[in-house]
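User: Could you take a close look at one part of this chain for me? I would like to see a single residue in its surroundings, with the whole chain as background.

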Amino acid sequence: MTASTDLDTLSDFFDRYGTALTSTDVPAIAACYALPGLVVADTYSFSFTSPAAVALSFVGAAPDYQERELIAANAQLEDVQQVSALLTEVAVRWEFLDSQGHAVPGERYRYLLRTTDEGPAICTVIRTA
C-alpha cells in the first residue's frame, strides 16, 4: 500500500466528503477521518479521537450549510504532494451550489490524508487563504 496521488481516487474521496458535508450526514463525515484527527485555523485548533468527537465538531457547521441552502460541493484539487509512504497532502478549493442553482465560492483547505485499506482518510485539515 502506498500514498494515493491518483486524481480519480482523490476526486472520488472528496466527492463523498462534499456530499456528506452538504447533506449534513455526520456519520459519513466522521467516516472520512483518520483518528486522531486535527483541524487547524488561524485562531483555533482542535483535535478529535473518536467518531463521536468528529460528529460533534460538525454539528455546529450544519446550520451554516442549511442557512446558506448549499446543496452540492465540488472540490477543486489544486495541488497533490506525496509526503511519505502513506501520507498525501492535497490543496483543495471548495465551490458550492445553492438551492437556486447559483455557484457559491467556498474556502481553501490543505488536507493531510493517510492511505488506509478503506482508502484515503483525513488526518489534518488546515484552512488556508
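Analyst: Happy to! A residue is called buried when its relative accessible area is under 20%. By that cut-off, buried residues make up 36% of the 129 residues in the chain. Please keep in mind that this is a predicted model.

Let's zoom in on Asp98, which sits in strand 4, a stretch covering residues 87–98. Asp98 has a relative accessible area of 12%, so this residue counts as buried, the cut-off being under 20%.

Now for the background. The chain holds four helices and six strands, and from the N terminus on these elements follow the order α-α-β-β-α-α-β-β-β-β. The radius of gyration is 14 Å, close to the 14 Å that the globule rule gives for 129 residues, so the chain is as compact as a globular protein of that length. Along its principal axes, the C-alpha trace spans about 45 × 30 × 30 Å. Of the contacts between residues at least 6 apart in sequence, 48% join residues at least 24 apart.

As for charge, the chain carries 7 positive and 17 negative charges, and their mean positions lie 6 Å apart.

Note on methods
Residues numbered from 1 in each chain as written. Predicted model: local features only at pLDDT ≥ 70, side-chain atom pairs only at ≥ 80, totals over all residues. Heavy atoms only, no water. Helix = DSSP H or I, 4+ residues; strand = E, 2+ residues; numbered from the N terminus. Rg over C-alpha atoms; globule rule 2.2 N^0.38 Å. Buried < 20%, exposed > 50% of the residue type's maximum accessible area, 1.4 Å probe, protein only. Contact = heavy atoms within 4.5 Å. Lys, Arg positive; Asp, Glu negative; His and termini not counted. Charge placed at Lys NZ, Arg CZ, Asp CG, Glu CD.
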